[in-house]
Amino acid sequence: MTTAQVREFFSTTYYKFTRLYSALRVEEDEPQLRVPEKTIRCIWNDQLFKTGDLTTTDNESLKVVYPGHWNFGSGPDFTHAIIEVDGKAYEGDVELHVYSTDWKAHRHAENKEYDRVVLHVFMWKGRGAKASLRQPPVRAAGPSGKHIYELELKSFLKKGVIELTHELDFDAYPVFNKINLGRCHKPLADLSEEKLAHLLSSAGDARILTKMNRFHDRVIANGYEQTVYEGVAEALGYPVNKEPFRALAESLPLSRIRELVPPDLKNKEKIMRLQALLFGMSGLIEFKNLDRDALPADEKKYFSRLDKIWSQYKTQCPPQTLRPEHWKFGGMRPANYPYRRIAALGRLVARHDAEGIFADFLKALGSCQAEDKELERKQARNLHEFFCLKAEDDYWAGHYTAGGKPLARAQQLVGPERSQAVVVNILIPIGLIYAQASKSQALEGTLDQLFVFAKRFPDNKSTRFMKHYILGNRKELLDLLVGEKEAQGLMQVYQDYCTQNDNNCNRCRFPEIVKKYFD
């Protein structure tokens, strides 16, 4: 193949212009039954109240110019809202509560994340009608002591709050709000199908290239295998335990594991030692609330063996930096608890200890390559399942927690969906570094096809939000999200522009860029 014929497998179109841009830069008394705070969020999100008649608790006229963006993380419920009070405009965040007193109860005045709040919205003053009669109203004030306007919603609702609570489809939120369509929606919708498909595909490639650059220096400093090991650990911790998992892999590097665990051990013993090392270094080996004396004999034997191995290795390991409080167990399915993921990491290291995870992956890729033949879909599926772990004989395949009730049937420690995520987010970017360093267009092409064939992951709250906010939930636009590549492209657009502009559409240049580079 001549130089003129070299094909660009991972398009840099979106990546280049984005880097260029980045360089520039109804009334109802308080009910006796509990109303979820999410009801208030949904009411605010869809502005289900008489917006033309609003007044603050100090009887100032109030107009909601823009309700803000539903916040997925910590801090205020909506960010970058625009309001007018007595005709004067204010831009900032909005915090929502069921009761006015929740501001103080939640100690927001002590949290700097709430320093940009301009409006405190609640359904009722005080906590309970009697309480509000006994006590003077508690006014919200930000961490810096600045004035915060307040709105009591109950007098302005179009329907009763109980009725709204029953009508609202909580699972559909935070989307389906016509007010919250991004400014980029119209120019994107005006593009031809071919051009929008190219933009999403190119943005997906840019996501891989961005990850590749993130890994590049780590590969130079630590080598391919250690970088992959850290990346796999981080991916197993997604979304809320990425940092402690990476810290675990950094504190117990492969080089030290090889010194501690003899390569000629039987596989079962090797797995046990690796899990003991990882549980020990994670700070979780005490297994909080585990009553060892109440365990069945086989389970007691497993945990006793872990304890014994760790006591033998502990003095030979680097200092522990992780503690139980660094790990999160809330906000995830029990199948993703850190215990199971740490056990899975130990099994993966054991499975690939002879050559290494990355070396074995390259070997698997090579067996699928042909000089003039593209990767087939079935081959791609097998590669996407590279990290799958059935491990029926592992304690953690049958339990979510230490000493917990056994599962009705064993569950994979790593299933197809998580395996594909690790391949796409870790192995393809690092594989691309290797392919370019070795000047292997064949390998680059195989990696490209592996990305193209990746199935789209199920939607989560973030992707549902982006599909609405950017694509307007229009079927003809959503149909272009044919695979994970295009879905990753949508995510990249959101991260490059929405988050970089603090979710403030008024500051974003992406609508102009769409017209300039793609229209």
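Reply: **The nonpolar cores and their surroundings**

Within the largest nonpolar core, which has 122 residues, the members that touch the most other members are Phe 279, Phe 287, Phe 303, Phe 387, Trp 396 and Phe 510. A nonpolar core here is a set of buried Ala, Val, Leu, Ile, Met, Phe, Trp, Tyr and Cys residues joined through side-chain atoms within 4.5 Å, where buried means under 20% relative accessible area, exposed over 50%, and partly exposed in between, with a 1.4 Å probe and protein chains only. The model is predicted, with local features needing pLDDT of at least 70 and side-chain atom pairs counting only at pLDDT 80 or more, whereas totals for chains, interfaces and linings use all residues. Residues are numbered from 1 along each chain as its sequence is written, and side-chain values use heavy atoms, leaving out hydrogens and water.

Taking Phe 510 as an example, its contacts (heavy atoms within 4.5 Å) are Cys 184, Leu 188, Leu 199, Val 493 and Tyr 497, once residues up to four places away in sequence are set aside. If a disulfide is taken as a pair of cysteine sulfur atoms within 2.5 Å, the count is zero.

All eight residues of β5 (117-124) are buried. Strand β4 (88-99) also pairs with β5 in the parallel sense, over six bridges, with His 97 opposite Phe 122 in β5; pairing requires that DSSP find at least two bridges between two strands.

Among the helices, α15 (377-384) buries Ala 380, Leu 383 and His 384. Seen down the helix axis, these buried residues fall within an arc of 100 degrees, so they line one face of α15, the arc being that of the directions from the axis to the C-beta atoms. The buried residues of α15 pack against α14 (357-368), α16 (416-437) and α17 (441-452).

For the chain as a whole, there are 21 helices and six strands, defined as DSSP runs (H or I, at least four residues, for helices; E, at least two, for strands) numbered from the N terminus. Of its 519 residues, 54% count as buried.
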